[in-house]
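Thank you all for coming. I would like to take a few minutes to go through one model, beginning with the chain as a whole and then moving to particular places in it.

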Amino acid sequence: MNPIMARIVAELKKRRIRDKELCSYIGISQSTFATWKVKDRDPKAVYLPKIAKYLGVSLEYLLCGTDEEEGADAAGNFDGVGNNDAAGNFDGAGSNDGAGSAAEKDMSKQTAEIANAICNRPELLDFFETAVDAKTDDIMRLTALLKRLKTAADE
């Protein structure tokens, strides 16, 4: 089982929640959930904030497996230390224990910005979900095309 699903299954077991209850809450069939488990697939990104909220864990915990299990707001935004900023966004400040290198904190900040952008803009979520299954060459070509379109729009 992949790490994200392993964490979900562990949290369900820990909280004594049946798969059926989670499936009903996030709006999927039990067979879809079983496929995620059996075929070693990650849930679609659109479901992760709902799963995190239902299980009472942060999105960061589901994705990264940090020990920090709290800190997600209702929209699935997180701050990496259990507190959201005034807008409820992940700010990437610090690590779970206050330690960590500058590089780790920079990576956490970058991850936070990406996660919030994806979660807060439906078109980016669609783009991300499509890109997850795309070949690297296709992603590189599409990225170059988007950069050219942005440059043309800025002129």
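Predicted model: local features only at pLDDT ≥ 70, side-chain atom pairs only at ≥ 80, totals over all residues.

Residues are numbered from 1 along each chain as its sequence is written, and side-chain values use heavy atoms, with hydrogens and water left out.

The chain has 8 helices and 0 strands, where helices (H or I, at least four residues) and strands (E, at least two) are DSSP runs numbered from the N terminus. Of its 155 residues, 29% count as buried, and buried here means under 20% relative accessible area, with exposed being over 50% and partly exposed in between, for a 1.4 Å probe and protein chains only. If we take contacts, meaning heavy atoms within 4.5 Å, between residues at least 6 apart in sequence, 40% of them join residues at least 24 apart.

Let us move to helix α2, residues 19–26, where L22, C23 and I26 are buried. These residues cover an arc of only 100° around the axis, which puts them on the same side of α2; the arc is that of the directions from the helix axis to the C-beta atoms. Their cover includes α1 (3–15), α3 (30–38) and α4 (48–55). Just after α2, G27 takes a positive phi of about 80°.

Why does L22 count as buried? L22 does so because its relative accessibility is 0%. Leaving aside neighbours within four places in sequence, L22 is in contact with I8, L12, I17, F33, I51 and Y54. L22 and I51 are 29 residues apart in sequence, and their C-alpha atoms are 7.4 Å apart in space.

Finally, the largest pocket is lined by 25 residues, of which P43, A45, L48, F128 and V132 lie nearest its centre. On a 1 Å grid over the protein atoms alone, a pocket is an open set of points with protein on both sides within 12 Å along at least five of seven lines, and lining residues have an atom within 4 Å of a point. The elements giving two or more residues to this lining are α3, α4, α5 (59–64), α6 (102–120) and α7 (122–132), and the largest share, 7 residues, comes from α6.

Note on methods
1 Å grid on protein atoms, 1.4 Å probe; cavity = no way out; pocket = protein on both sides within 12 Å on 5 of 7 lines; lining within 4 Å.
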